[in-house]
Amino acid sequence: MSINDTNIVPREKLAKFELTEESLNSFRKNQNIPLDLYNKDGQILIHKKRNPTEADFGKLLKFEMQGVYFLISELKKTKPNGADKPYLEPGRTTKLFDIEKTSRFAKQSQALIEDLRKTSFSSDQAVFVQNSVNELLTDFTSNPDFELGIFNILEILSVAGVSVESELMTKRTVVAMGMKVRTRKIVNEGKEESNKKDHLSLMMASYLMDVGYSRLEVKQTPKLTKEEYAVVQQHPIISYLMTLPAPEIESHVRTLILNHHRPYRGNGVNNNFPDPRSLFTKLMSVRDKYNREVGKERITQDIELQLHLQENNVTSSSFEEDIAILSLASEYASLTSNQPWRPAFKSSTALKMILNDSFFSYSNKNIRHLLDYVGSSLTNNENIINFGDFVITASVDSERRAHFDICLVLDVGRYQTRPKLQRICSINPVFQKGIKFKIADFDLKSIKIDRRKAIMDLALQAGTTRVIYIIDPELHPALHDAVYKLNLNI
């Protein structure tokens with residue numbers, strides 16, 4: 001059958017196949033193309049075939065840019081070995097974390113937290129943490145499938161029997177490591193040694209950034225008063241101060257700890273904390289205290305460095321990305337863990353909630369690092385943005401005015417934050433300022449229909465348009481129902 005045959009498969013029955021070097025190499029190695037593959041118009045490109053030739057691969061590669069597709073019904077077919085799973089790139093089903101080692105890491109973390117409730121952070125503890133995260137990183141990067149495999153951390157911690165604090169610390173460190181390693185490999189291929197130092201610094205910061213909570217009395221409730229929230233906002237400073245007695249902790253790690261809730265350093269409204277002025281004042285006060293004490297020169301030098309960085313707003317793009325990674329990993333860890341006031345959310349739900357609350361807190365690049373590089377690994381190879389979903393995009397015009405549009409997802413390629421969309425209408429968000437800024441809802445009365453049904457492929461655009469909200473039927477049923485009916489009638 002040629003691609004000119006009239007037997008065309010409807011587009012809604014097709015899903016995009018990730019045609020990568022890994023998938024092609026797998027076909028070659030197994031001497032088998034396990035799926036019928038189609039072009040974007042539903043015409044067959046090549047049937048399932050044993051012993052494919054290089055000419056067959058060349059034929060597929062001609063359609064790489066336009067997209068290669070397979071039947072959605074293939075997802076439901078059982079493989080000969082009984083595994084009811086779709087074909088995936090080699091390595092995508094590999095579980096990356098060893099159960100015994102990860103459980104031991106979490107239990108050791110719990111013991112450290114208990115010690116820190118009673119004693120100061122020591123050099124011995126710093127060395128222990130360094131060795132622990134180094135072992136975790138080495139195991140991760142030595143796995144041949146570390147770029148693709150599943151982050152089975154939720155599965156392991158669900159039966160590890162550790163405290164919530166340890167669960168958060170372990171989960172946060174693992175997710176931050178994955179984001180850092182995968183994004184760094186993409187932009188800095190071939191510089192493994194310098195990369196490893198950066199990876200370890202981020203992991204140390206991720207591990208230690210919330211130890212300040214061990215010295216705080218915080219109510220176990222989601223509804224904090226402004227005064228209680230102000231106390232919570234001090235934990236980065238306390239965590240920083242707790243690490244000062246250990247010279248083994250590098251100043252760069254402490255800088256990350258001190259700033260881990262400052263992921264969006266633009267000039268607009270954001271949810272960063274603590275406030276720069278209060279942070280500067282607190283550091284000045286601590287420096288003056290240590291200046292009067294003998295033998296505290298190293299500590300005062302570190303504080304002087306942090307004051308200089310704060311006063312001059314000295315940052316780099318890599319530093320800002322690290323801060324965002326720490327903050328995103330922390331949010332994910334919290335949402336997927338049981339809390340006294342609510343059960344844990346599913347991994348996919350947690351990622352949707354982070355995206356839907358990202359407008360005032362994270363840049364487009366920050367969200368891409370989470371969803372595009374580790375997102376599907378956290379959800380057993382399932383995207384949170386899929387064909388047929390309704391999403392809301394935000395864009396900024398030349399006069400720095402934000403515009404919000406409801407769109408239908410037409411296609412999702414390699415990166416789920418860059419889907420192909422059809423614009424349905426514009427809509428206005430309802431902003432709310434409580435203890436932080438957020439989009440509380442969307443005003444259905446403000447809708448303006450786009451009769452053109454404009455198509456935009458974010459994968460091919462370099463503009464400001466970004467997906468900021470998934471209209472999920474479980475998270476926002478009223479909005480989803482309204483948009484679904486609206487789309488049927490236009």
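Here are a few questions and answers about individual residues in this predicted model.

Residues are numbered from 1 along each chain as its sequence is written. Local features need pLDDT of at least 70, side-chain atom pairs count only at pLDDT 80 or more, and totals for chains, interfaces and linings use all residues, while side-chain values use heavy atoms, with hydrogens and water left out.

Reader: Is Asp145 buried or exposed, or partly exposed?
Author: Asp145 sits in the loop between helix H4 (123-142) and helix H5 (153-157); helices (H or I, at least four residues) and strands (E, at least two) are DSSP runs, numbered from the N terminus. Buried means under 20% relative accessible area, exposed over 50%, partly exposed in between (1.4 Å probe, protein chains only). Asp145 has 22% relative accessibility, so Asp145 is partly exposed.

Reader: Which residues is Asp145 in contact with, leaving aside neighbours within four places in sequence?
Author: Take Gly91, which is 54 residues away from Asp145 in sequence but 5.0 Å away in space, C-alpha to C-alpha. Counting contact as heavy atoms within 4.5 Å, the residues touching Asp145 are Pro90, Gly91, Thr94 and Leu96.

Reader: What is the phi of Asn51?
Author: Asn51 is in the loop between strand S5 (49-50) and helix H2 (54-61), and its 52% relative accessibility makes it exposed. Most residues other than glycine have a negative phi. Asn51 isn't a glycine, yet its phi is positive, near 55 degrees.

Reader: What is omega for the cis peptide bond joining Phe273 and Pro274?
Author: Pro274 is in the loop between helix H10 (251-258) and helix H11 (276-291). For the cis bond from Phe273 to Pro274, omega is about -5 degrees.
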